[in-house]
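Hello,

Here is the structure I promised to pass on. Please open it first, then read the notes below.

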Amino acid sequence: EEHVNLLLLNYCFGHQNSSLLFFPYGALVNFINHDYNQPNVELRWSTSSQHHFTDAYNLTLDNVKDMKNTGLMLEFVATREIRAGEEIFLNYGESFENAWNAHAKSWVSIPLDSSVGTAYTQDLNKINTIRTQQEQRRHPYSDNVFTSCYYSYAGHNKKNRDGLYTWIKSKTIFFVKNLRPCLILDRHESGSNDHDDKSDFMYTVGILNRFGLTEEERLPDRQRHIVTAVPRNAIKFSNKIYTTDQHMSSAFRHEIHLEETVFPLQWQ
(Lines give C-alpha, C1' and ligand atoms only; values in the text may rest on other atoms or scores of the structure.)
Protein backbone atom coordinates (compact mmCIF):
# COMPACT_ATOMS: atom_id res chain seq x y z
CA GLU A 1 0.00 0.00 0.00
CA GLU A 2 3.02 2.27 -0.20
CA HIS A 3 1.77 3.91 -3.42
CA VAL A 4 -1.48 4.89 -1.69
CA ASN A 5 0.41 6.62 1.10
CA LEU A 6 2.55 8.64 -1.31
CA LEU A 7 -0.17 10.39 -3.31
CA LEU A 8 1.09 13.85 -2.36
CA LEU A 9 4.76 13.13 -2.99
CA ASN A 10 4.80 14.71 -6.47
CA TYR A 11 3.74 18.04 -4.92
CA CYS A 12 6.20 18.03 -2.01
CA PHE A 13 9.57 19.74 -1.74
CA GLY A 14 12.47 17.76 -0.34
CA HIS A 15 16.10 16.77 -0.70
CA GLN A 16 17.79 13.53 -1.73
CA ASN A 17 19.74 13.36 1.54
CA SER A 18 16.75 13.93 3.81
CA SER A 19 13.38 12.35 4.61
CA LEU A 20 11.99 15.80 5.41
CA LEU A 21 9.18 16.86 3.06
CA PHE A 22 7.36 20.18 2.74
CA PHE A 23 3.86 20.22 1.25
CA PRO A 24 2.93 23.62 -0.25
CA TYR A 25 -0.64 24.85 -0.05
CA GLY A 26 -0.37 28.31 -1.58
CA ALA A 27 -2.72 29.27 -4.38
CA LEU A 28 -1.65 28.04 -7.85
CA VAL A 29 1.66 26.61 -6.57
CA ASN A 30 0.91 23.12 -7.89
CA PHE A 31 0.31 24.47 -11.42
CA ILE A 32 3.98 25.38 -11.91
CA ASN A 33 5.46 22.66 -14.13
CA HIS A 34 8.96 21.26 -14.50
CA ASP A 35 11.53 22.37 -17.06
CA TYR A 36 15.04 21.07 -16.49
CA ASN A 37 16.74 23.08 -19.23
CA GLN A 38 14.92 26.42 -19.37
CA PRO A 39 13.23 27.29 -16.05
CA ASN A 40 12.28 30.92 -15.54
CA VAL A 41 11.81 30.91 -11.74
CA GLU A 42 13.68 29.56 -8.76
CA LEU A 43 12.82 28.97 -5.10
CA ARG A 44 14.14 31.07 -2.21
CA TRP A 45 13.20 31.27 1.43
CA SER A 46 11.13 34.33 2.18
CA THR A 47 12.52 36.89 4.58
CA SER A 48 9.23 38.75 4.97
CA SER A 49 8.41 39.74 8.55
CA GLN A 50 4.81 38.50 8.17
CA HIS A 51 5.98 34.90 8.67
CA HIS A 52 6.83 33.21 11.97
CA PHE A 53 10.37 32.37 10.90
CA THR A 54 12.35 34.75 8.74
CA ASP A 55 15.58 32.75 8.62
CA ALA A 56 15.18 29.06 7.76
CA TYR A 57 18.96 28.56 7.86
CA ASN A 58 19.04 29.09 11.63
CA LEU A 59 16.50 26.34 12.31
CA THR A 60 17.65 22.90 13.37
CA LEU A 61 16.02 19.73 12.09
CA ASP A 62 14.29 19.31 15.46
CA ASN A 63 12.95 22.87 15.21
CA VAL A 64 11.32 22.06 11.89
CA LYS A 65 9.95 18.67 13.00
CA ASP A 66 8.42 20.24 16.13
CA MET A 67 6.67 23.07 14.30
CA LYS A 68 2.95 23.13 15.16
CA ASN A 69 1.91 25.86 12.75
CA THR A 70 2.87 27.40 9.46
CA GLY A 71 5.77 29.76 9.41
CA LEU A 72 8.24 28.86 6.68
CA MET A 73 7.59 30.40 3.30
CA LEU A 74 9.23 29.66 -0.04
CA GLU A 75 8.96 32.27 -2.78
CA PHE A 76 9.07 31.77 -6.52
CA VAL A 77 11.50 34.36 -7.87
CA ALA A 78 11.86 35.12 -11.57
CA THR A 79 15.33 34.43 -12.95
CA ARG A 80 14.70 36.51 -16.07
CA GLU A 81 12.03 38.79 -17.48
CA ILE A 82 8.78 36.86 -18.00
CA ARG A 83 6.40 37.98 -20.72
CA ALA A 84 2.66 38.34 -20.15
CA GLY A 85 0.97 35.02 -20.89
CA GLU A 86 4.23 33.05 -20.71
CA GLU A 87 4.10 29.82 -18.68
CA ILE A 88 6.02 29.63 -15.41
CA PHE A 89 8.55 26.79 -15.16
CA LEU A 90 10.64 25.54 -12.25
CA ASN A 91 13.52 23.08 -12.39
CA TYR A 92 12.43 20.20 -10.14
CA GLY A 93 16.02 18.96 -9.87
CA GLU A 94 18.32 16.47 -11.60
CA SER A 95 17.07 13.44 -9.65
CA PHE A 96 13.47 14.29 -10.61
CA GLU A 97 14.49 14.67 -14.28
CA ASN A 98 16.31 11.33 -14.29
CA ALA A 99 13.48 9.54 -12.49
CA TRP A 100 10.87 10.94 -14.89
CA ASN A 101 12.88 9.97 -17.98
CA ALA A 102 13.31 6.43 -16.66
CA HIS A 103 9.60 6.21 -15.85
CA ALA A 104 8.54 7.51 -19.28
CA LYS A 105 10.91 5.08 -21.03
CA SER A 106 9.49 2.04 -19.20
CA TRP A 107 5.83 3.12 -19.23
CA VAL A 108 3.34 0.68 -20.76
CA SER A 109 -0.17 1.99 -21.43
CA ILE A 110 -3.16 -0.05 -20.25
CA PRO A 111 -5.93 -0.25 -22.90
CA LEU A 112 -9.31 0.93 -21.64
CA ASP A 113 -10.97 -2.26 -22.88
CA SER A 114 -8.48 -4.58 -21.19
CA SER A 115 -9.29 -7.11 -18.50
CA VAL A 116 -8.28 -4.54 -15.91
CA GLY A 117 -11.65 -2.92 -16.60
CA THR A 118 -10.76 0.73 -16.26
CA ALA A 119 -12.64 3.64 -17.80
CA TYR A 120 -12.36 7.41 -17.57
CA THR A 121 -15.34 9.27 -16.20
CA GLN A 122 -14.72 12.25 -18.47
CA ASP A 123 -15.35 9.96 -21.45
CA LEU A 124 -18.39 8.24 -19.98
CA ASN A 125 -19.95 11.58 -19.06
CA LYS A 126 -20.05 12.50 -22.74
CA ILE A 127 -22.34 9.63 -23.72
CA ASN A 128 -25.98 10.48 -24.32
CA THR A 129 -27.67 7.32 -23.03
CA ILE A 130 -26.99 5.56 -19.74
CA ARG A 131 -27.74 1.86 -19.26
CA THR A 132 -30.29 0.82 -16.68
CA GLN A 133 -29.49 -1.63 -13.89
CA GLN A 134 -31.05 -4.43 -15.92
CA GLU A 135 -29.00 -3.54 -19.00
CA GLN A 136 -25.86 -3.34 -16.89
CA ARG A 137 -26.29 -6.97 -15.87
CA ARG A 138 -25.61 -7.91 -19.49
CA HIS A 139 -23.28 -5.03 -20.36
CA PRO A 140 -21.76 -3.66 -17.15
CA TYR A 141 -19.70 -0.52 -16.90
CA SER A 142 -16.12 -0.76 -15.71
CA ASP A 143 -15.53 -1.74 -12.12
CA ASN A 144 -13.86 1.56 -11.29
CA VAL A 145 -16.94 3.77 -11.87
CA PHE A 146 -20.47 4.22 -10.55
CA THR A 147 -23.41 6.48 -11.37
CA SER A 148 -24.20 9.46 -9.17
CA CYS A 149 -26.98 12.05 -9.29
CA TYR A 150 -27.38 15.69 -8.37
CA TYR A 151 -30.22 15.54 -5.87
CA SER A 152 -31.32 17.30 -2.69
CA TYR A 153 -33.32 15.12 -0.33
CA ALA A 154 -34.10 18.11 1.91
CA GLY A 155 -35.83 19.82 -1.01
CA HIS A 156 -38.10 16.86 -1.84
CA ASN A 157 -40.73 16.42 0.86
CA LYS A 158 -43.73 15.52 -1.28
CA LYS A 159 -44.31 12.34 -3.25
CA ASN A 160 -46.18 12.31 -6.54
CA ARG A 161 -49.38 10.33 -7.09
CA ASP A 162 -47.40 7.15 -7.75
CA GLY A 163 -45.72 7.37 -4.38
CA LEU A 164 -42.44 8.48 -5.93
CA TYR A 165 -40.48 11.72 -5.88
CA THR A 166 -40.02 14.01 -8.87
CA TRP A 167 -36.64 15.55 -9.56
CA ILE A 168 -36.68 19.33 -8.97
CA LYS A 169 -34.30 21.73 -10.65
CA SER A 170 -33.01 24.63 -8.57
CA LYS A 171 -30.27 27.26 -8.73
CA THR A 172 -28.06 25.19 -6.44
CA ILE A 173 -28.92 21.64 -7.47
CA PHE A 174 -25.72 21.21 -9.50
CA PHE A 175 -23.47 22.08 -6.56
CA VAL A 176 -21.02 19.25 -5.79
CA LYS A 177 -22.48 18.84 -2.30
CA ASN A 178 -25.67 17.49 -3.92
CA LEU A 179 -23.89 14.74 -5.86
CA ARG A 180 -24.60 11.30 -4.42
CA PRO A 181 -24.66 7.65 -5.59
CA CYS A 182 -27.73 6.53 -7.51
CA LEU A 183 -28.98 3.47 -9.40
CA ILE A 184 -30.42 3.84 -12.91
CA LEU A 185 -33.75 1.99 -12.72
CA ASP A 186 -35.55 3.09 -15.88
CA ARG A 187 -35.12 5.25 -18.98
CA HIS A 188 -37.86 6.85 -21.07
CA GLU A 189 -38.20 9.50 -23.74
CA SER A 190 -38.00 12.94 -22.26
CA GLY A 191 -40.16 15.16 -24.45
CA SER A 192 -38.42 18.00 -22.60
CA ASN A 193 -37.82 21.50 -23.92
CA ASP A 194 -35.11 22.12 -21.34
CA HIS A 195 -32.25 23.60 -23.35
CA ASP A 196 -29.80 22.77 -20.57
CA ASP A 197 -30.15 19.05 -21.27
CA LYS A 198 -29.56 17.76 -24.80
CA SER A 199 -30.51 14.14 -24.04
CA ASP A 200 -33.51 12.39 -25.57
CA PHE A 201 -34.20 10.55 -22.33
CA MET A 202 -35.24 11.07 -18.74
CA TYR A 203 -34.43 8.60 -15.99
CA THR A 204 -35.93 7.03 -12.90
CA VAL A 205 -33.27 6.48 -10.27
CA GLY A 206 -32.81 5.06 -6.81
CA ILE A 207 -31.06 7.57 -4.57
CA LEU A 208 -28.46 6.34 -2.05
CA ASN A 209 -26.62 7.86 0.88
CA ARG A 210 -22.92 8.65 0.92
CA PHE A 211 -20.30 9.60 3.45
CA GLY A 212 -20.29 13.25 4.47
CA LEU A 213 -23.96 14.09 4.00
CA THR A 214 -25.63 16.37 6.52
CA GLU A 215 -28.40 14.91 8.69
CA GLU A 216 -31.09 16.68 6.68
CA GLU A 217 -29.73 15.18 3.46
CA ARG A 218 -29.38 11.60 4.70
CA LEU A 219 -32.11 9.16 3.77
CA PRO A 220 -33.71 7.25 6.65
CA ASP A 221 -32.20 3.80 7.10
CA ARG A 222 -33.69 1.02 4.98
CA GLN A 223 -35.93 3.45 3.08
CA ARG A 224 -36.08 3.08 -0.69
CA HIS A 225 -36.07 6.52 -2.32
CA ILE A 226 -37.13 6.55 -5.98
CA VAL A 227 -36.95 9.75 -8.05
CA THR A 228 -38.46 10.22 -11.50
CA ALA A 229 -37.89 12.69 -14.35
CA VAL A 230 -34.15 12.96 -13.74
CA PRO A 231 -32.46 14.59 -16.78
CA ARG A 232 -29.26 13.21 -18.24
CA ASN A 233 -27.21 16.23 -17.16
CA ALA A 234 -28.13 15.48 -13.53
CA ILE A 235 -26.42 12.07 -13.76
CA LYS A 236 -22.66 11.72 -13.65
CA PHE A 237 -20.21 8.85 -13.69
CA SER A 238 -17.92 9.04 -10.66
CA ASN A 239 -14.76 7.17 -9.71
CA LYS A 240 -14.83 4.60 -6.96
CA ILE A 241 -12.42 5.37 -4.17
CA TYR A 242 -8.75 4.56 -4.88
CA THR A 243 -9.33 3.80 -8.59
CA THR A 244 -8.12 6.94 -10.40
CA ASP A 245 -4.81 7.13 -12.27
CA GLN A 246 -3.03 8.68 -9.32
CA HIS A 247 -3.76 5.55 -7.25
CA MET A 248 -2.12 3.16 -9.73
CA SER A 249 0.93 1.38 -8.31
CA SER A 250 2.78 2.23 -11.53
CA ALA A 251 2.08 5.97 -11.27
CA PHE A 252 5.11 8.27 -11.19
CA ARG A 253 6.04 9.48 -7.72
CA HIS A 254 8.98 11.71 -6.88
CA GLU A 255 9.39 14.80 -4.74
CA ILE A 256 10.56 18.16 -6.09
CA HIS A 257 14.14 18.61 -4.97
CA LEU A 258 15.32 21.83 -3.40
CA GLU A 259 18.76 23.02 -4.43
CA GLU A 260 21.73 22.74 -2.07
CA THR A 261 21.71 26.51 -1.59
CA VAL A 262 18.09 26.36 -0.41
CA PHE A 263 17.95 23.19 1.69
CA PRO A 264 20.03 23.84 4.87
CA LEU A 265 22.88 21.40 5.53
CA GLN A 266 21.69 20.75 9.11
CA TRP A 267 18.42 19.28 7.75
CA GLN A 268 20.28 16.60 5.79
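Which residues make a nonpolar surface patch of about 450 Å²? They are Leu8, Tyr11, Phe23 and Tyr25. Please keep in mind that this is a predicted model.

Phe23 sits in the loop between β1 (13-14) and β2 (33-34). Its relative accessible area is 40%, so Phe23 counts as partly exposed.

The overall picture

The protein chain has 268 residues, and 35% of them are buried. It holds five helices and 12 strands. Its accessible surface comes to about 17600 Å². Carbon and sulfur atoms account for 50% of that surface. Take the contacts with a separation of 6 or more: 74% of them join residues 24 or more positions apart.

The sheet

Six strands form an open sheet with mixed pairing. Their order is β7-β10-β9-β8-β6-β11. The edge strands are β7 (165-166) and β11, each of which pairs on one side only. Inside the sheet, β6 and β8 run antiparallel, joined by three bridges. Cys149 stands opposite Arg180 in β8.

The cores

The largest nonpolar core has 24 residues. Val205, Ile207, Val227, Val230 and Ile235 touch the most other members.

What does Ile207 touch, not counting residues up to four places away in sequence? The list is Cys149, Tyr151, Arg180, Pro181, Cys182, Leu219, His225 and Val227. Cys149 and Arg180, the opposite pair mentioned above, are both on that list.

Ile32 lies in the loop between β1 and β2. Is Ile32 buried or exposed? Its relative accessible area is 15%; the cut-off for buried is under 20%, so Ile32 is buried. Leaving out residues up to four places away in sequence, Ile32 touches Phe76, Ile88, Phe89, Leu90 and Tyr92. Ile32 and Glu87 are 55 residues apart in sequence. In space they are 8.1 Å apart, C-alpha to C-alpha.

Leu7 is in the loop between α1 (2-5) and β1. Its relative accessibility is 21%, so Leu7 counts as partly exposed. With residues up to four places away in sequence left out, Leu7 touches Gln246, His247 and Arg253. How many residues separate Leu7 and His254 in sequence? They are 247 residues apart, yet 9.9 Å apart in space, C-alpha to C-alpha.

A helix residue

Gln136 belongs to helix α5 (residues 133-138). Its relative accessibility is 18%, so Gln136 counts as buried. Apart from neighbours within four places in sequence, Gln136 is in contact with Arg131 and Tyr141.

Where to start

Begin with the patch of Leu8, Tyr11, Phe23 and Tyr25. Then find Ile207 and follow its contacts, including Val227 and Leu219. Finish with Leu7 and its contacts Gln246, His247 and Arg253.

Best wishes

Note on methods. Residues are numbered from 1 along each chain as its sequence is written. This is a predicted model: local features need pLDDT of at least 70, side-chain atom pairs count only at pLDDT 80 or more; totals for chains, interfaces and linings use all residues. Side-chain values use heavy atoms; hydrogens and water are left out. A nonpolar core is a set of buried Ala, Val, Leu, Ile, Met, Phe, Trp, Tyr and Cys residues joined through side-chain atoms within 4.5 Å. Buried means under 20% relative accessible area, exposed over 50%, partly exposed in between (1.4 Å probe, protein chains only). Contact means heavy atoms within 4.5 Å. Helices (H or I, at least four residues) and strands (E, at least two) are DSSP runs, numbered from the N terminus. Accessible areas come from the Shrake-Rupley method with a 1.4 Å probe; for residues, only the protein chains shown count as cover. Two strands pair if DSSP finds at least two bridges between them. Patches are made of residues with over 30% relative accessible area and no salt bridge: like charges are joined within 9 Å, nonpolar side chains (Val, Leu, Ile, Met, Phe, Trp, Tyr) within 5 Å. A salt bridge is a side-chain nitrogen of Lys or Arg within 4 Å of a carboxyl oxygen of Asp or Glu.
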